[in-house]
Amino acid sequence: MTEAARIVRGNVKEMGSLDAKEYDAVVVPGGFGVAKNFCDFAVKGPDCTVDPKVEKVLKQFHELKKPIGLCCIAPVLAAKLFGSKGVEITLGKEGDEWPHSGTISTSLHKPNRGLRIVR
């Protein structure tokens with residue numbers, strides 16, 4: 001938390017203390033930190049779990065029908081939490097020229113059958 005405060009040059013709070021009723025939307029920047037710290041997708045792929053505090057916050061925003069912005073790799077959070085509910089996400093592209101092309105097919109495994117990748 002100290003390093004996060006230094007980077008943003010201000011006060012930061014733990015994700016678990018966020019109350020969706022107090023905000024209009026939530027935006028999660030991407031990057032490898034999301035795949036390692038907000039979930040364990042970097043290690044477990046489709047069998048990943050989402051950090052309980054992150055899951056609580058995202059589910060609150062979803063239940064309140066408030067916007068959830070997920071950048072870069074962060075859409076795997078929505079795939080994991082809401083994939084069976086027909087959620088739409090953007091998540092890179094397929095093909096040999098894209099270094100992470102397997103991410104899409106990994107996100108579309110059986111528990112996420114309602115997930116739709118928008119290109």
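Asp40 is found in the loop between α2 and α3 (41–44), where helices (H or I, at least four residues) and strands (E, at least two) are DSSP runs numbered from the N terminus. At 16% relative accessibility Asp40 counts as buried, given that buried means under 20% relative accessible area, exposed over 50% and partly exposed in between, with a 1.4 Å probe and protein chains only. This is a predicted model, in which local features need pLDDT of at least 70 and side-chain atom pairs count only at pLDDT 80 or more, while totals for chains, interfaces and linings use all residues. Residues are numbered from 1 along each chain as its sequence is written, and side-chain values use heavy atoms, with hydrogens and water left out.

**Surroundings of Asp40**

- The side chain of Asp40 reaches the backbone nitrogen of Thr49 at 2.6 Å, a polar contact being a pair of N or O atoms within 3.5 Å; within protein, one must be able to donate a hydrogen and the other to accept it, and residues adjacent in sequence count only if both atoms are side-chain atoms.
- Not counting residues up to four places away in sequence, Asp40 touches Ala35, Gly45, Cys48 and Thr49, where contact means heavy atoms within 4.5 Å.
- Asp40 also meets Lys44 through the side chains in a salt bridge (3.5 Å, N to O), and Lys44, at 44% relative accessibility, counts as partly exposed.

**Salt bridges**

- The structure holds 3 salt bridges, each defined as a side-chain nitrogen of Lys or Arg within 4 Å of a carboxyl oxygen of Asp or Glu.
- In one of them, the side chains of Lys53 and Glu14 meet at 2.5 Å, N to O, and this pair links distant parts of the chain, with Lys53 in helix α4 and Glu14 in the loop between α1 and β1, 39 residues apart.
- Both partners are partly exposed, Lys53 at 40% relative accessibility and Glu14 with a relative accessible area of 42%.
- Glu55 and Lys59 form another side-chain salt bridge at 2.7 Å, N to O, and these two residues are separated by about one helical turn because they lie 4 residues apart in helix α4.
- An α-helix has 3.6 residues a turn, so residues three or four places apart point the same way.
- Glu55 is partly exposed with a relative accessible area of 24%, and Lys59 is likewise partly exposed, with a value of 29%.

**Largest pocket**

- The largest pocket holds about 770 Å³ of space; on a 1 Å grid over the protein atoms alone, a pocket is an open set of points where a 1.4 Å probe fits, with protein on both sides within 12 Å along at least five of seven lines, and lining residues have an atom within 4 Å of a point.
- Grid points are joined across faces, edges and corners, and the volume is the space filled by probe spheres set on the points.
- Of the 26 residues that line this pocket, the closest to its centre are Val12, Lys13, Glu14, Met15 and Phe38.
- At least two lining residues come from each of α1 (2–8), β1 (26–28), α2 (32–38) and α4 (52–63).
- The lining divides into 16 nonpolar, 4 polar and 6 charged residues, with Ala, Val, Leu, Ile, Met, Phe, Trp, Tyr, Cys and Pro counted as nonpolar, Asp, Glu, Lys and Arg as charged, and the others, Gly among them, as polar.

- Val28 lies in strand β1 and, at 2% relative accessibility, counts as buried.
- Leaving aside neighbours within four places in sequence, Val28 is in contact with Val34, Phe38, Leu58, Gly69, Leu70, Cys71, Ala74 and Leu77.
- Pro52, by contrast, is placed in helix α4 and counts as exposed at 60% relative accessibility.
- The C-alpha atoms of Pro52 and Phe38 are separated by 8.8 Å, the two residues being 14 residues apart along the chain.

- The protein chain has 6 helices and 4 strands, which run α-β-α-α-α-β-α-β-α-β from the N terminus on.
- Buried residues make up 31% of the 119 residues in the protein chain.
- Helix α5 (residues 75–82) is mostly covered, with 7 of its 8 residues buried, namely Pro75, Val76, Leu77, Ala78, Ala79, Leu81 and Phe82.
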